[in-house]
Amino acid sequence: MTFNLKMKFDNFFIKLQKKSFQKKLKITNLTLSLLSILFLTNIVIEVEQDFNFFNLTFVEFLFCLFYYLSNALLWISFMRNNYSGSTKEYFYNWAYSKIGKYIPGGLMVFSVRFNQKIEKNKDPKNIFYGVLEEQFLTPAVAIISISFTFIFYNFFENQFIFFGSTMLAFYVFKKFYDKYSRNYTSLINSNLLFLTHLNLNFLFFFFVSDNLGIENSFQFALLYFLAASLAIVFVGIPAGIGVREIIFYFISGSLLMDSYVFSMMIRVRIILLIFDLIFGLIGIIGTFSEKRD
């Protein structure tokens with residue numbers, strides 16, 4: 001039975017590389033992406049009518065942009081390490097897939113990432129493993145980092161302790177993760193990019209928290225980052241909508257008034273939705289404007 005499953009798995013990836021299958025995948029992705037855009041736009045408009053969250057500060061915009069670009073560079077690095085190929089095409093493909101987070105199960109993220117040209121002698125299964133790593137490695141390291149930070153913060157009470165904790169957590173996790181043999185170059189091998197992406201994620205949450213006027217914004221941002229990382233376990237929920245907010249509410253409810261908690265949840269979610277829409281549209285336009293065989 002295990003052998004049959006492996007055969008089906010391998011046959012799927014062989015079929016995936018065929019031009020006819022790629023064309024069908026392209027049409028499917030476009031249809032799903034248009035539905036996602038309508039869904040996201042509707043959410044943003046409805047929430048904006050009640051809360052007026054379009055007034056992004058420059059710092060929030062800048063760090064969210066850097067966070068997204070670090071994610072893009074991490075994925076481009078993975079693809080170039082495993083497939084060489086076009087940096088521009090890999091960027092458009094990554095950006096396009098940001099819309100796919102809102103399809104249940106994240107299926108569209110996989111379908112978009114697979115819908116790109118790679119050399120025939122290269123194994124497309126590596127893309128599958130890369131998406132799984134992108135989904136789970138950062139949250140795993142983040143959870144360890146946040147745990148270290150709360151432990152060390154009791155002794156040092158320095159906000160910069162998080163950056164040191166990320167390095168410690170990263171190398172502890174990498175030492176364990178590297179024990180498992182892989183036939184591809186892992187995302188975690190891009191040490192500097194991985195750590196930069198992780199820290200920019202936290203800094204974005206921190207500046208949103210700080211701009212809301214929250215007194216203990218450092219701890220508040222850590223709790224939100226913890227909730228966002230734990231929510232990734234619920235892989236069937238589109239982009240973890242609702243899950244991270246519920247977790248965040250329960251772990252931070254005793255720290256601050258509900259008004260601050262809800263403001264943080266809504267503001268972060270709306271900013272991320274807007275950036276997903278922007279990058280998703282860039283990816284769609286770039287992908288379909290590229291000349292492809």
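Phe 61 sits in helix H3; helices here are DSSP runs of H or I with at least four residues, numbered from the N terminus. Phe 61 is partly exposed, because its relative accessible area is 36%. On this scale, buried means under 20% relative accessible area, exposed means over 50%, and partly exposed lies in between (1.4 Å probe, protein chains only). This is a predicted model, where local features need pLDDT of at least 70, side-chain atom pairs count only at pLDDT 80 or more, and totals for chains, interfaces and linings use all residues. Residues are numbered from 1 along each chain as its sequence is written, and side-chain values use heavy atoms, with hydrogens and water left out.

**Around Phe 61**
- Leaving out residues up to four places away in sequence, Phe 61 touches Leu 56 and Phe 275. Contact means heavy atoms within 4.5 Å.
- Phe 61 and Val 208 are 147 residues apart along the chain, yet their C-alpha atoms are separated by 9.7 Å.

**Nonpolar cores**
- A nonpolar core is a set of buried Ala, Val, Leu, Ile, Met, Phe, Trp, Tyr and Cys residues joined through side-chain atoms within 4.5 Å.
- The largest nonpolar core has 67 residues. Phe 204, Phe 205 and Phe 248 have the most contacts inside it.
- Phe 204 is in contact with Glu 60, Phe 63, Cys 64, Val 268, Ile 271 and Leu 272, leaving aside neighbours within four places in sequence.
- Another core, of seven residues, lies apart from the largest one. Its members include Tyr 96, Met 108, Leu 277 and Ile 284.

**Helix H5 and Arg 113**
- Helix H5 covers residues 107-114. Seven of its eight residues are buried, so H5 is mostly covered.
- Among the buried residues of H5 are Met 108, Phe 110 and Phe 114.
- Is Arg 113 buried or exposed? Arg 113 counts as buried, because its relative accessibility is 2%.
- Arg 113 touches Trp 75, Asn 93, Trp 94, Ser 97, Ile 127, Val 131 and Glu 134, not counting residues up to four places away in sequence.

**Helix H7**
- H7 runs over residues 161-177 and has 17 residues. The expected span of a helix is 1.5 Å times one less than its number of residues.
- H7 should therefore span 24 Å, and its end C-alpha atoms are 24 Å apart, which agrees.
- The buried residues of H7 include Phe 162, Ala 169, Phe 170, Phe 173 and Tyr 177.
- Which helices do the buried residues of H7 pack against? They pack against H6 (125-156), H8 (191-211) and H9 (217-231).

**Where H6 meets H8**
- H6 and H8 pack at an angle of about 65 degrees, with their axes 11 Å apart. Axes are lines fitted to C-alpha atoms, for helices over the stretch in contact, and angles run from 0 to 180 degrees between N-to-C directions.
- That angle makes H6 roughly perpendicular to H8. Roughly perpendicular covers 65 to 115 degrees; under 35 counts as roughly parallel, over 145 as roughly antiparallel, and the rest as oblique.
- Leu 137, Thr 138, Val 141, Ala 142 and Ser 145 in H6 meet Phe 194, His 197 and Leu 198 in H8.

**Two loop residues**
- Ser 84 is in the loop between H3 (58-83) and H4 (87-97). Phi of Ser 84 is near 55 degrees, a positive value in a residue other than glycine.
- Ser 84 is partly exposed, with a relative accessible area of 30%.
- Lys 117 lies in the loop between H5 and H6. Lys 117 is partly exposed, at 49% relative accessible area.
- Lys 117 and Ser 86 are 31 residues apart in sequence and 9.6 Å apart in space, C-alpha to C-alpha.
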